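Okay, thanks everyone. I'd like to talk through some helix packing today, so let me put the model up.

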Amino acid sequence: MAEQLHSAFESSMDKTNLILKDIEQAYGWPKEQRNQSYCALRTVLHLLRDRMPVQESVEFAAQLPVLVRGIYFDGWSPADVPIKLNRDDFLLEVRQGFPYDVEGGPERVVQVVLDTLRRHVTQGEWEDVKATMPRDLAKIIP
């Protein structure tokens, strides 16, 4: 039993590191900038989570690696969602949550993180997530 638990944690850690590495590669960041890729992931995940209805949020999270799912749900208050954010509001919140200056600004951060996440969930689930977004915000979702 302990061996299975250890294997599950290792697998989740490997998948999480792959997600962070994908974000770093999109920007050309070395692994030493892992704090930036983590901050980008966390910021976008939380805003996406808070913008979706509870049921869709839970369905999306079920496809994430366990460690990323923990990041996703950290601090979540389901009674307070969905928060109405249009594209500009969403990008402003990304800018506030991700304090690093990067090429392409907050819109590029959103695109990089969402493109990375899209590769780790089913196409059907990704389409469901996109369908819950207002039209102007859905346009920047890959």
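At what angle do helix 3 and helix 4 pack, and how far apart are their axes? Keep in mind that this is a predicted model. The angle is about 155°, and the axes sit 10 Å apart. The cut-off for roughly antiparallel is over 145 degrees, and therefore helix 3 and helix 4 get that label. As for who touches whom, helix 3 brings S57, V58, F60 and A61, and helix 4 answers with R69, Y72 and F73. Sort that contact by class and you get five nonpolar residues, one polar and one charged.

Helix 3 covers residues 54–61 and helix 7 covers 123–131; their axes come within 10 Å and cross at roughly 150°. So that pair is roughly antiparallel too, and the crossing is left-handed. On the helix 3 side we have E56, E59 and F60, and facing them are E125, W126, D128 and V129 of helix 7. That contact has three nonpolar residues, four charged and no polar ones.

Last one, V109. Leaving out residues up to four places away in sequence, V109 touches Y27, A40, V44, V94, F98 and V102. Okay, that's my tour.

Notes
Residues numbered from 1 in each chain as written. Predicted model: local features only at pLDDT ≥ 70, side-chain atom pairs only at ≥ 80, totals over all residues. Heavy atoms only, no water. Axes fitted to C-alpha atoms, helices over the stretch in contact; angles between N-to-C directions. Helix = DSSP H or I, 4+ residues; strand = E, 2+ residues; numbered from the N terminus. Parallel < 35°, antiparallel > 145°, perpendicular 65-115°, else oblique. Left-handed = near helix turned anticlockwise from the far one by under 90°. Contact = heavy atoms within 4.5 Å. Nonpolar A, V, L, I, M, F, W, Y, C, P; charged D, E, K, R; others polar.
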